[in-house]
Amino acid sequence: MKLSNLLSGGLFAAALAFAGGMASAQIKIALDSPPDLEGSGSYVWANAFSTYLNENDMAAEEFQRGALGGDDELFDQVSQGLLEVSMSPLNIVGSIDKLVYGLRLPYFFKDMEEVDRALNQGGMLERINAATTPEGVRVIAVNTVGQASGIFNTKKPVRSVADMQGLRMRALDESQIELYEAWGAAGTIVSWAEVPNALQTGVADGYLNPAFVPLLFGHTDFIKHFTDAAISPSLRITIVSEDWYQGLSDEEQATVDAAAAAATKANREWLKTQDAVLGKLEQAGVTVVTLDEAARQEFRDASAPAYESGLLTQEQIAAWEAAKAD
């Protein structure tokens with residue numbers, strides 16, 4: 001599908017679309033990655049979703065990353081009904097309710113099947129939405145964007161927790177800084193847009209992400225080391241405007257739900273194709289370290305403070321534990 005190039009700022013453009021485009025009922029989908037069906041699981045989800053909608057008489061259009069604003073702007077637009085769909089980070093709804101952070105607990109989920117079981121059979125997606133929908137935001141899907149996250153850096157191979165000493169890592173938030181500190185490293189919060197500059201100037205030495213990220217975003221010129229530490233599932237979410245969703249007819253809601261189910265299926269099938277990514281990293285000049293079981297257990301043990309940080313209550317962690325076992 002041809003991507004739209006907006007000529008004006010995100011909020012202004014969204015306001016114009018809201019004021020003048022409601023009659024067309026176009027469903028705007030804000031992307032969070034390049035439109036790469038091979039390299040981006042997030043885009044696989046978004047493209048399958050928009051394709052299903054268009055094939056079922058609900059006009060949908062993808063907007064390139066940044067065209068409608070940054071993550072915070074998109075969240076505001078969704079909550080106000082100015083934007084229908086946004087591919088977004090987990091922490092964007094963590095500002096409403098921290099329960100979603102269970103998906104980022106280190107060494108908690110074995111695989112995506114366990115994540116899906118907790119969300120669906122275990123009822124955690126329903127619990128997340130019980131907090132977010134009154135604020136105008138519905139989490140319609142949790143998307144895998146690659147294999148479990150590992151450690152990238154510009155300086156040295158990381159083969160053990162001890163090797164984290166001296167590294168300053170890009171963090172999403174304070175809880176991730178606490179995890180780095182538990183490993184003996186330091187952390188600094190850097191927006192994704194500023195990551196390339198931070199890595200090249202030494203503001204940050206690395207980040208946690210799935211293996212495909214430097215390939216997709218062109219970071220292999222300065223990222224030189226990857227440790228396949230399999231820390232946590234690599235996830236993003238799809239949020240939709242609750243005002244928009246509740247304003248749909250029963251038939252339209254059913255179509256949107258079916259589109260989300262089809263997109264999630266496509267996203268999970270895409271994940272099965274990602275085993276070749278480590279080889280692609282090596283071809284791009286990135287050294288890949290695979291941890292043996294002893295080193296992996298060392299990281300797992302060192303990550304224990306993440307369960308006591310206060311970001312999640314012990315009751316919330318127990319709820320996630322029970323949900324993934326259902």
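In the predicted model, the largest nonpolar core comprises 38 residues, of which V93, L103, I237, I239 and W320 touch the most other members. Two or more residues are given to this core by each of the elements α3 (71-79), α4 (91-94), α5 (112-121), α6 (124-132), β4 (137-146), β10 (234-241), α11 (250-271) and α14 (314-325). When residues up to four places away in sequence are not counted, L103 is found to touch L90, F109, V115, L119, V142, P233, L235 and W320. Another core, of 23 residues, lies apart from the largest one and includes I27, A48, A60 and M87.

The packing of helices was examined next. Two packed helices are described by the angle between their axes and the distance between the axes. For α5 and α14, the axes come within 7 Å and cross at roughly 110°; an angle of 65 to 115 degrees counts as roughly perpendicular, and the two helices are therefore described as roughly perpendicular to each other. On the α5 side of this contact stand E114, R117, A118 and L119, which meet W320, A323, K324 and A325 of α14. By class, the residues of the contact of α5 with α14 divide into five nonpolar, no polar and three charged.

Helix α14 also takes part in a contact with α6, where the axes come within 10 Å and cross at roughly 140°. This pair is therefore oblique. The residues that meet are M124, R127 and I128 in α6 and A319, W320 and A323 in α14, and the contact of α6 with α14 has five nonpolar, no polar and one charged residues.

Within helix α6 lies T132, which at 1% relative accessibility counts as buried, because buried means under 20%.

An open sheet of five strands has the order β2-β1-β3-β10-β4, and its pairing is mixed. At the edges stand β2 (60-63) and β4, each with a single partner strand, so that one side of each is left without a neighbour in the sheet. On average, neighbouring strands of this sheet are turned by 20° against each other, direction ignored. Strand β1 (residues 27-30) pairs with β2 in the parallel sense over four bridges, and the bridge partner of A30 in β2 is F63.

Further pairing involves β5 (residues 150-153), which is joined by four bridges to β8 (residues 206-209), the two strands running antiparallel; here N153 stands opposite G206 in β8. Strand β5 is also joined to β9 by three bridges, again in the antiparallel sense, and in β9 the bridge partner of F152 is F226.

D57, although not a glycine, has a positive phi of about 65°. The loop that holds D57 runs between α2 (41-55) and β2, and at 75% relative accessibility D57 counts as exposed, because the term applies to values over 50%. A positive phi, near 45°, is found as well for A230, a residue other than glycine, which lies in the loop between β9 (225-228) and β10. At 31% relative accessibility, A230 counts as partly exposed.

Finally, E293 is placed in helix α13 (residues 293-302), where its relative accessible area of 51% makes it exposed. E293 and L208 are 85 residues apart in sequence, and their C-alpha atoms are 20 Å apart in space.

Note on methods: Residues numbered from 1 in each chain as written. Predicted model: local features only at pLDDT ≥ 70, side-chain atom pairs only at ≥ 80, totals over all residues. Heavy atoms only, no water. Core = buried A, V, L, I, M, F, W, Y, C linked by side-chain atoms within 4.5 Å. Buried < 20%, exposed > 50% of the residue type's maximum accessible area, 1.4 Å probe, protein only. Contact = heavy atoms within 4.5 Å. Axes fitted to C-alpha atoms, helices over the stretch in contact; angles between N-to-C directions. Parallel < 35°, antiparallel > 145°, perpendicular 65-115°, else oblique. Nonpolar A, V, L, I, M, F, W, Y, C, P; charged D, E, K, R; others polar. Pairing = 2+ DSSP bridges.
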